[in-house]
Amino acid sequence: MVIKTFPVNPLSENCYVVSDDTREAVIIDCGAYYDDEKAAIAQYIREHDLKPVAHLLTHAHFDHFWGADYIFELYGLQPRCPQLDRPLYDNVDDQVRQILNYSIRTATTPAGEDITAGTVIRFGQHQLTVIPCPGHTPGGICYYCAEEHALFSGDNLFQLSIGRTDFPGGNHWDLINALKSLIKTLPGDTTVYPGHGPKTTIAAEHRNNPYLFG
């Protein structure tokens, strides 16, 4: 499995393009805001002759789907949003005003099929399973590839930190409890690909993350 990271937009959000030898690919959290960011993602997909089959959201904060309309325009893929986060996605202008205290026009395409706890995403020779992880947002999730020991954690788990829970719909203890369960369940050598910042491992966070002791 090949994982390409694109840090994008003013908040340095991580967009991932994940593919394998079949050249089928999934795009996770395309928050590309600027034209050069969008072009770089499209160029990578074109140069590697990839066929995107899904655009997946870990949660529905605007910085994770600023590029959704572009992905739809190029590949015909509607972003698949966690079911409990659909109100955030469908009311993005209100969300932006609440978080930033000013308005930024965010063009979106209608969301595609909801992501639920039982959803399995298949592409090429791989699959991603959904792990519910509420707290940063009501419907926040992680995507886990068991074959590769890879976790796409969105804004739930970061290197030595966790996601903010002071935004509307956030719940600190929900997130703490979900993450403690996560790090006790997944193999320690699982690589964690977060929504912002550098990658880490489950073992490193189990040992060192100050929010997850006890």
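**Close-up views of a predicted model**

**View 1. An open sheet of 6 strands, with mixed pairing, runs in the order β6-β7-β8-β9-β12-β13.** The edge positions are held by β6 and β13 (200-201), and each has a single partner strand, so one side of each is left without a neighbour in the sheet. The model shown here and in the views that follow is predicted.

**View 2. Strands β9 and β12 (residues 191-194) run parallel and are joined by 4 bridges.** Within this part of the sheet, Ala150 stands opposite Thr191 in β12.

**View 3. The largest nonpolar core comprises 17 residues.** Val26, Ile28, Leu56, Leu128, Tyr143 and Phe152 are the members with the most contacts inside this core. Strand β8 provides the largest share, namely 3 residues. A further core of 16 residues lies apart from this one, and its members include Cys142, Leu157, Ile162 and Ile183.

**View 4. Ile28 is one of the residues with the most contacts inside the largest nonpolar core.** When neighbours within four places in sequence are left aside, the contacts of Ile28 are Asn14, Cys15, Tyr16, Val18, Leu56, Thr58, Leu128 and Phe152. Among these partners, Leu56, Leu128 and Phe152 are likewise listed with the most contacts inside the core.

**View 5. Cys15 lies in strand β2.** Cys15 counts as buried because its relative accessibility is 0%, where the cut-off for buried is under 20%. Although Cys15 and Ile28 are 13 residues apart along the chain, their C-alpha atoms are separated by 5.9 Å. Not counting residues up to four places away in sequence, Cys15 touches Lys4, Thr5, Phe6, Val8, Ile27, Ile28, Asp29, Cys30, Gly31 and Ile41.

**View 6. The largest pocket holds about 220 Å³ of space.** Its lining consists of 13 residues, of which Leu11, Asp63, Asp155, Arg164 and Phe167 are the closest to the centre of the pocket. Classified by type, the residues that line the largest pocket are 6 nonpolar, 4 polar and 3 charged.

Notes: Residues numbered from 1 in each chain as written. Predicted model: local features only at pLDDT ≥ 70, side-chain atom pairs only at ≥ 80, totals over all residues. Heavy atoms only, no water. Core = buried A, V, L, I, M, F, W, Y, C linked by side-chain atoms within 4.5 Å. Buried < 20%, exposed > 50% of the residue type's maximum accessible area, 1.4 Å probe, protein only. Helix = DSSP H or I, 4+ residues; strand = E, 2+ residues; numbered from the N terminus. Contact = heavy atoms within 4.5 Å. 1 Å grid on protein atoms, 1.4 Å probe; cavity = no way out; pocket = protein on both sides within 12 Å on 5 of 7 lines; lining within 4 Å. Points joined across faces, edges and corners; volume = space filled by probe spheres on them. Nonpolar A, V, L, I, M, F, W, Y, C, P; charged D, E, K, R; others polar. Pairing = 2+ DSSP bridges.
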